[in-house]
Amino acid sequence: MGPVKDPDQEIVEAIRAGNTRRYAVLMDRHKDRALTLAVRLLGDREEAEELVQDGFLRAYNNLEQFRGDARFGTWFYRILYNLCMTRVTRRSDRNRSLDGPEGEVTEKDLIASDDPGALQQIEESEMRDLLAAEVGRLPESFRVAVTLFYVQELSYEEMAGVTGLPLGTIKTNLFRGRTLLRKRILSRLKDEVHVS
Amino acid sequence: MIARTDHIPQDLIQAFVDGGLEREEEQAVRAHLSSCGECREACETFRAFDDALRGLPVEKTNAAFTATVMHLLGLSPAGRRVPSLAENMGYLAGLLIVLGVMVSAFVWTGVIGGVEAEQGLFRGYLSGAGDFVGSGVEAFAGWLTTFFPFAFGKGALGISFFVFLIVALLAVVDHLAERRLLRKT
């Protein structure tokens, strides 16, 4: 991956040059989206905020190791992602299910919807509410892909850099995540029509 | 190449919407979309779904988040905070002053230093409390004499040990309290 134009690079240079208080600007740029990623991974806001805080502390203390090959955001999200996954792994070691809210996913769920046009009939606010609920129920790998792509606005390559997964796996997870979201939303709409 | 009679597979439409196609593939999809209303409609649906996903609410950190992290890094606008040890020395000085005043008061009122206790109810209670504290201190001193014989001597080493013990204890309490308070902000 070649050098990437990074809007944060100037601030990183300023911090390295001794203007350390500009780290607050970097945090303000990334903290909310970082928290969104952590909440999606952990499902617990308080725990997520604690890890985002730890992530920023680690990033600052290791800033010398940031070479600028990737954007600062990508580098930071990798630190945060690793912290979150370590916590998730610890939980699974304590026999807590990772698949808690996700529900079971079958191959049939991952086949593209035959009627995507029905989604256009949903009101914008209703769609937002449905999506917010359904993203939280996606299997972890799909949830990570959808969040990194739409909230962190990372490219496929950057997502691979953050998660350490192959590019093909990232694309597949993102596609399957979206397919599953569409199907679940359509299914909920059908249920609502049946009930009413 | 996409045949004119076929419809574009959904994964290809999605890749087109994501901007993830190679130049040739992208041109082929564009060409097909210009002549196929059904695929165009599907493409619009995917775009709308994408827009909805981009519009998902973002979590907000608490108002003090940045200030808290800057504080923990020692980068607060107010400058590096006073080291905990210096603060604790202040607390220790305050504690010693209070103890000094109390001891002076006891000596002056005769609770400590030769005056009989039967000089009134208040002094009786005070004397009782003094005995209670005294026996506690005596027990602690006994424990120290057993396990740290050097600490109970009257020399500089013994005094230094007590001062170090108190400062270390205050530092631990202060550290724990600070971490807890900062987490709550």
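These legends describe close-up views of a predicted model with chain A and chain B. Residues are numbered from 1 along each chain as its sequence is written, and chains are lettered from A in the order in which they are written. Local features need pLDDT of at least 70, side-chain atom pairs count only at pLDDT 80 or more, totals for chains, interfaces and linings use all residues, and side-chain values use heavy atoms, with hydrogens and water left out.

**View 1. The contact between chain A and chain B.** Chain A gives 45 residues to the contact and chain B gives 34 residues, where contact means heavy atoms within 4.5 Å. About 3600 Å² is buried between the chains, 64% of it on carbon and sulfur atoms; buried area is the accessible area (1.4 Å probe) that two parts lose on being put together, summed over both. A:Gln53, A:Tyr150 and A:Arg182 supply 17% of the area that chain A buries against chain B, more than any other three residues.

**View 2. Salt bridges across the interface.** Four salt bridges are found between chain A and chain B, each a side-chain nitrogen of Lys or Arg within 4 Å of a carboxyl oxygen of Asp or Glu. In one of them, the closest N and O atoms of B:Asp18 and A:Arg178 are 2.6 Å apart. A:Arg178, B:Asp18, B:Asp50 and B:Arg54 are linked in a network of salt bridges.

**View 3. The pair A:Arg45 and B:Glu59.** These side chains meet in a salt bridge at 3.1 Å, N to O. The pair runs from helix 3 of chain A to the loop between helix 3 (37–54) and helix 4 (65–72) of chain B; helices (H or I, at least four residues) are DSSP runs, numbered from the N terminus. A:Arg45 is partly exposed at 35% relative accessible area, and B:Glu59 is partly exposed at 27%. Buried means under 20% relative accessible area, exposed over 50%, and partly exposed in between (1.4 Å probe, protein chains only).

**View 4. A salt bridge within chain A.** A:Arg87 and A:Glu47 form a salt bridge, with their closest N and O atoms 2.9 Å apart. A:Arg87 lies in helix 4 (residues 72–93) and A:Glu47 in helix 3 of chain A, so the pair ties together parts that are 40 residues apart in sequence. A:Arg87 is buried, at 18%, and A:Glu47 is buried too, at 16%.

**View 5. The cysteine B:Cys36.** B:Cys36 is in no disulfide, and the nearest cysteine sulfur, that of B:Cys39, is 3.6 Å away; a disulfide is a pair of cysteine sulfur atoms within 2.5 Å. B:Cys36 counts as buried, at 9% relative accessibility.

Terms used. Helix = DSSP H or I, 4+ residues; strand = E, 2+ residues; numbered from the N terminus.
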